[in-house]
Amino acid sequence: MSDFAQYGLCDELNVSLSDLKYTEPTATQQACLPSLLSGKDIAVEAKTGSGKTLAFALTALNKFVTQPNIEQHPHALVLCPTRELAEQVTYQFQLLAKRIANTKILALYGGVAIAPQLNSLRHAPAVVVGTPGRIMDIIGQSKLDLSGVKTLILDEADRMLDMGFSDQMDWILSALNRQASDVQTLLFSATFGGNIKKLNEQYQRNAEVIVLDDAHSRANIEQIAYKVLPDKREYTVAALLSEYQPDSAIVFCQTRVEVMNLASQLADDGFSVVQLQGEMEQFERSNAITLFKGDCVNVMIATDVAARGLDIASVGLVINYRISDDLDIHTHRIGRTGRAGEKGVAVTLIDDLDETKLIGFNAQLPEDIPIKSAQALRFHANRIKEPLYTGIQIDAGKKQKLSKGDILGAITKQAKIPAKDIGIIQVGTHKSFAAVKLRSLKRTLAMFREERVKGKRIRARKL
Ligand code: ADP
Ligand code: MG
């Protein structure tokens, strides 16, 4: 048996898994689910995209159904490094919990007002997913009772430490250990370096460490380093994008300023780009991710921190605008390409000063990353790939009782746009998103302007 039935999960979860068409566990899930479900403390090192979220969400929810503690909530607490990741993890939990009655999954992160979050806590959530800073604030205000927590999950633990959340995590873990007993502590990380070992020793009890050995094997990624002059980096990125013409590409920069400068240069060159960096407002970040995931732009320019852990389907090309400081980060970045058996290309730009870093990487890699000169690369303005779709923001969502079917129905039936011209549709709390082919944009917007959808006027605009 290789499907999910072998794990003896509760019926609700088995039904959800089949609703969601998850039939085969990933290699990582196969390797860690039996141990996770046994209730032991576990540390898992596995690469990005290997399905860690589903593994821990199943563990926490199965325990919630089979060993409920009706009085005390939450039953599980998940710590994540960024708001986007917290939202993504929350969404995965929500999908799986659809069949389980009274299972509220709540995301708590910084950068947005705390009052509505405190309000949501009154309807006791079964699972809380959040970033360390905000969770600590809320515990500090005595608004989050941890005494019922049975599963604690540290997702992307290495990144949380890199981001300087060490003190907050210590504080939360100590508070949790004071308030609750029988907590299963699970640690997920793409690397298992020195600091993670400390967390593992300090907060886990005889944890089994499961290392998925393919974490560093990148057989289907072709890596090349291009030697550039310091003032030619931006030009070289444009040249590479027009050379490879990927449907989607991620360019990793070292700093926020680099991200902003490169984004405006590439936009001037005619590329459709979004940026993702820490100083953006929450709605800007969400919009950027939605546009990129919805194939409404081809290029995302990001810092490591902002892009970490995001569930973005495999991209055709990764460009390291600047080489990262250590090999683990490099491995993370290039892991965005060549997923799910597809071939990917990862290009790293280096100047004279960076070359020693690359030589250092090569010494640790089974195969050297070859170094080529970027001088022969040319930017071809006529070879810029157009995005597949254009994004439309719709000013209504779940709160207005708008569903995916309503939006699809309005666009196909009222605006008479053929289904093949429609990409992803996402319904949020108050806003929704739809991707349509450029040739159908005008008609779609006109429909929202001139007609009612479900009896109401709903505003929509190009994003
Ligand atoms: P990780 O946390 O290891 O980086 P994620 O949990 O974000 O990876 O999973 C990556 C993607 O794989 C998600 O889109 C998820 O829905 C999908 N996925 C996870 N498990 C399965 C499965 N068993 N079958 C198919 N898709 C899966
Ligand atoms: Mg993850």
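Predicted model: local features only at pLDDT ≥ 70, side-chain atom pairs only at ≥ 80, totals over all residues.
Me: Thanks! Which strands does α10 lie across?

Reply: Helix α10 lies across β8 (221-227), β9, β11 (299-303), β12 and β13 (344-350). Against β13, α10 runs at about 160°.

Me: Where does helix α12 pack, and which strands are touched?

Reply: Helix α12, residues 282-293, packs on the sheet and touches β9, β10 and β11. The directions of α12 and β10 make an angle of about 135°.

Me: Now the sheet itself. What is the order of the strands?

Reply: Read across the open sheet of seven strands and you get β10-β11-β9-β12-β13-β8-β14, with parallel pairing. At the edges are β10 (273-276) and β14 (371-373), each of which pairs on one side only. On average, neighbouring strands are turned by 25° against each other, direction ignored.

Me: Can we zoom in on one pair of strands? How many bridges join β9 to β12?

Reply: Four bridges join β9 (residues 249-253) to β12 (residues 317-320), and these two strands run parallel. To find your place in the pair, look for V251, which stands opposite I319 in β12.

Me: Next, two helices together. At what angle do α10 and α11 pack?

Reply: Helix α10 (residues 233-244) and helix α11 (residues 256-269) pack at about 50°, with axes 10 Å apart. The two helices are therefore oblique to each other. The crossing of α10 past α11 is right-handed.

Me: Which residues make that contact?

Reply: From α10 come E234, V237, A238 and L241, while α11 brings N261, L262, Q265, L266 and D269. Sorted by class, the contact has five nonpolar, two polar and two charged residues.

Me: Is K416 buried or exposed?

Reply: A residue counts as exposed when its relative accessible area is over 50%. K416 has 58%, so it is exposed.

Me: And what is phi at K454?

Reply: For K454, phi is positive too, at about 50°, and this residue is not a glycine either. You will find K454 in the loop between α17 (441-450) and β18 (460-462).

Definitions and conventions: Residues numbered from 1 in each chain as written. Chains lettered and ligands numbered in written order. Heavy atoms only, no water. Axes fitted to C-alpha atoms, helices over the stretch in contact; angles between N-to-C directions. Parallel < 35°, antiparallel > 145°, perpendicular 65-115°, else oblique. Left-handed = near helix turned anticlockwise from the far one by under 90°. Contact = heavy atoms within 4.5 Å. Nonpolar A, V, L, I, M, F, W, Y, C, P; charged D, E, K, R; others polar. Pairing = 2+ DSSP bridges. Buried < 20%, exposed > 50% of the residue type's maximum accessible area, 1.4 Å probe, protein only.
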